[in-house]
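Here's a quick briefing to read with the model open on your screen. Have a look at the fold, then come back for the details.

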Amino acid sequence: MAARAKVNEFQDMLPMMADKLGGEGLITELCNGFQLLMDKDKGLITFDSLKKNSALLGLQELRDDDLLSMLKEGDLDGDGALDQMEFCVLMFRLSPELMQESEAWLDQALRQGFRSTRGQ
């Protein structure tokens, strides 16, 4: 239970990081997080690399089945590991507030794009 609370604390920090760093800064930090957790030889976050490096994020209390669930939830291509894009997508999905902001940014960009194409 304490491990789940730590995951939630991490998730809640993403919107604050986005506000502080901006979109590009947040992506840079997510990429840095990926580099921290990945297997250096494979260039992917594997179960072993996640287990080995999870303490760096204060998640050492997570059980193996929690780590496997995290991998499975983010593994879009079914290879049993997370590449950098899967990791970033997972981090956004785990933060509902950040996901809502992303949807608003996308909606705004689409509206602006639609207006500019109609004005041509």
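Predicted model: local features only at pLDDT ≥ 70, side-chain atom pairs only at ≥ 80, totals over all residues.

Residues are numbered from 1 along each chain as its sequence is written, and side-chain values use heavy atoms, with hydrogens and water left out.

**The nonpolar core**

- A nonpolar core here is a set of buried Ala, Val, Leu, Ile, Met, Phe, Trp, Tyr and Cys residues joined through side-chain atoms within 4.5 Å; buried means under 20% relative accessible area, exposed over 50%, and partly exposed in between (1.4 Å probe, protein chains only).
- The largest such core has 17 residues, and those touching the most other members are Leu 30, Ile 45, Leu 50, Leu 82 and Phe 87.
- Helix 1 (2-37), helix 3 and helix 4 are the elements that give two or more residues to this core; helices are DSSP runs (H or I, at least four residues), numbered from the N terminus.
- Helix 4 gives the most, with 5 residues.
- In soluble globular proteins, nonpolar side chains tend to be buried together.

**The aromatic pair**

- Rings of Phe, Tyr and Trp (its six-membered ring) pair if their centres lie within 6.5 Å; planes under 30 degrees apart count as stacked, over 60 as edge-to-face and the rest as tilted.
- That rule gives 1 aromatic pair.
- Phe 34 and Phe 87 have ring centres 6.0 Å apart and planes at 50°, so the pair is tilted.
- With Phe 34 in helix 1 and Phe 87 in helix 4, the pair ties together parts that are 53 residues apart in sequence.
- Phe 34 is buried at 2% relative accessible area, and Phe 87 is buried at 7%.

**Leu 82, a buried loop residue**

- Leu 82 sits in the loop between helix 3 (64-74) and helix 4 (84-93), yet it is buried, at 4% relative accessible area.
- Leaving out residues up to four places away in sequence, Leu 82 touches (heavy atoms within 4.5 Å) several residues, including Phe 34, Leu 44, Ile 45 and Phe 87.
- The C-alpha atoms of Leu 82 and Leu 44 are separated by 5.5 Å, though the two are 38 residues apart along the chain.

**Asn 53, a buried polar side chain**

- Asn 53 belongs to helix 2 (residues 47-53) and is buried, with a relative accessible area of 12%.
- The Asn 53 side chain reaches the backbone oxygen of Leu 36 at 3.4 Å.
- Beyond four places in sequence, Asn 53 touches Leu 36, Leu 37 and Met 38.

Notes
Polar contact = N/O pair within 3.5 Å; in protein donor to acceptor, adjacent residues only side chain to side chain.
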